[in-house]
Amino acid sequence: MAILEVKNIKKNFGKTEVLKDVSFKMEKGEVVSIIGSSGSGKTTLLRCINFLEKADKGQIVLNGEVIFDGEEHKKMSNEEIRKKQLNFGFVFQSFNLFPQYSALENVTLAPKLLAKEREDFKQNKAEIYREIEENAKRLLNSAGLGEKYDSYPCQLSGGQQQRVAICRALALNPEIMLFDEPTSALDPEITNEVLKVIKSLADDNMTMIIVTHEMAFARGVSDRVIFMDNGVIAEEGKPEEIFTNPKSKRLQEFLSNVRM
Amino acid sequence: MQLFTKVTMSLLEGLGTTLKIFSLTLIMALPLGLLISLGSMSKFKVIKYPVKTLIWIIRGTPLMLQLIVFGLGPGLLGIRGMNMFVAVIIAFVLNYACYFAEIFRGGIESIPKGQYEAGAVLGLTKTQVFFKVVLLQVIKRIIPPMGNEFLTLVKDTSLANTIMIYEITWNAKRMMNSEHILWPLFYSGVFYLALCGILTLIFNHLEKKLDYYKG
Ligand SMILES: Nc1ncnc2c1ncn2[C@@H]1O[C@H](COP(=O)(O)OP(=O)(O)OP(=O)(O)O)[C@@H](O)[C@H]1O
Ligand SMILES: [Mg+2]
């Protein structure tokens, strides 16, 4: 069974049709890259999947359960939306770390707040917090940030900040990680340190959707590539097919413009 | 020397009243200001526009005028026994709440949308996002303009003397008239300087405390 099914998603901003009937499926452990020219709707699609944006029509199905339905969305309470967002980890282009918290605190903040909803929180508070902190440290270590627990975002490079942001999302054990151009705000020399972390997640069979302009990376890391053009999926397939044998005219044009 | 002691005692008495106006205004105007700022950012037009109009009127007219309206207005309307001190506090609280409201609004609106979104995708409730993510950042940003307002308030308390509140300036003027001397006026300035000096130190300290991070 597919872990995620996106069905006929439509989204308008005012009169502009940004997504015109987008559908795709993905399996557990699959890595899907989304490429496409600027303004083609990649970010909007990602934001619709985890409710940062409300799609006008269509369905999102997670593990067979309809978690979003354009028709019924109005009835969903903030609380329901919040719970459902937790299925996804989201990494922003601009990191959006919390500046007043250290790297470690950025990673532990949400798990600690969520732990308060657990029934056994009162009795086991110290134990729960210790586990959360250990888990956060483990994540930061594996992202090469073992020395940076106590650094504030303003003391970290862009690449380090983005790695903290990835750890922060992972700390909640999401089913699916969503990345929106995670390296676009970075200098070319440091994109690699972030891409390496994402690659290692792929090797651990994390299910991921990655919007990216890094074609070589998309080709290397993905099981499948989706090419978006003007609000629709114009072509999708295995990376080799997409990059070496593009069928649609638009994809051929797009690739010849970004040729590595 | 006896005269100096006499003037000092009188000004100290005035200082008590000045401090009372100052602290009562802050205690009430800060929360009221937060409420007004939330109102001015409300999605509901029936709340937003009346609140914005109130802010416009209060910030667009002299505090002196407002003091007179609240001090003398009730009497002119035939309402007897209005306590002048209460009138002063109402005028100050309303006036400062509106200034604070604009500072709060500026601070809240200056927080990037990405901070709210990052909180949301991490499963924080709206309340948690406000208190755990946004609030400290807002405080850091509004400390400098708040410092200014606090200093202005110290000096504005002297306006209360125009409707017979016996604060520092009133007492200084009384001494000048009864003793036929000029220097109590300058001496009263020392009291304001001292108060503002202390506030400046406190605000500098707060700014330093939040200097551990940028952004
Ligand atoms: N909040 C919004 N309000 C109005 N229009 C929007 C909004 N967000 C996006 N758009 C419009 O929707 C279209 C698709 O935007 P989107 O950000 O999804 O593109 P993208 O494929 O991610 O582009 P890029 O590669 O530049 O990030 C654009 O034309 C954009 O101007
Ligand atoms: Mg985008």
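Is A:Glu117 buried, partly exposed or exposed? Select A:Glu117: it counts as partly exposed, at 41% relative accessibility. The labels work like this: buried is under 20% relative accessible area, exposed is over 50%, and partly exposed is in between (1.4 Å probe, protein chains only).

Some housekeeping before moving on. This is a predicted model, so local features need pLDDT of at least 70 and side-chain atom pairs count only at pLDDT 80 or more, while totals for chains, interfaces and linings use all residues. Residues are numbered from 1 along each chain as its sequence is written, chains are lettered from A and ligands numbered from 1 in the order in which they are written, and side-chain values use heavy atoms, with hydrogens and water left out.

**Stop 1**

The term means a side-chain nitrogen of Lys or Arg within 4 Å of a carboxyl oxygen of Asp or Glu. A:Arg82 sits in helix 2 of chain A and A:Glu117 in the loop between helix 3 and helix 4 (121-142), so the pair ties together parts that are 35 residues apart in sequence. Helices here are DSSP runs (H or I, at least four residues), as are strands (E, at least two), numbered from the N terminus.

Next, pick A:Glu133 and A:Lys112, whose side chains form a salt bridge at 2.6 Å, N to O. A:Glu133 belongs to helix 4 of chain A and A:Lys112 to helix 3, so this pair links parts that are 21 residues apart in sequence. A:Glu133 is partly exposed, with a relative accessible area of 29%.

**Stop 2: where the chains meet**

Show both chains. Here 26 residues of chain A are in contact (heavy atoms within 4.5 Å) with 22 residues of chain B. Together the two chains bury about 2,000 Å², 63% of it on carbon and sulfur atoms; buried area is the accessible area (1.4 Å probe) that two parts lose on being put together, summed over both.

How many salt bridges are there between chain A and chain B? The count is 1: zoom in on B:Glu117 and A:Arg47, with their closest N and O atoms 2.7 Å apart. On the chain A side, helix 2 (78-85), strand 6 (88-91), helix 3 (103-115) and helix 5 (158-170) each supply at least two of the residues that touch chain B.

**Stop 3: inside chain B**

Select B:Arg59 and B:Glu102, which form a salt bridge at 3.8 Å, N to O. B:Arg59 is in helix 2 (residues 45-60) of chain B and B:Glu102 in helix 4, so parts that are 43 residues apart in sequence are tied together. B:Glu102 is buried, at 18% relative accessible area, whereas B:Arg59 is partly exposed, at 38%.

Then go to B:Met84, in helix 4 (residues 84-109) of chain B. It is partly exposed, at 26%. B:Ile163 is 79 residues away in sequence but 7.3 Å away in space, C-alpha to C-alpha. Leaving aside neighbours within four places in sequence, B:Met84 is in contact with B:Gly71, B:Leu72, B:Ile163 and B:Ile165.
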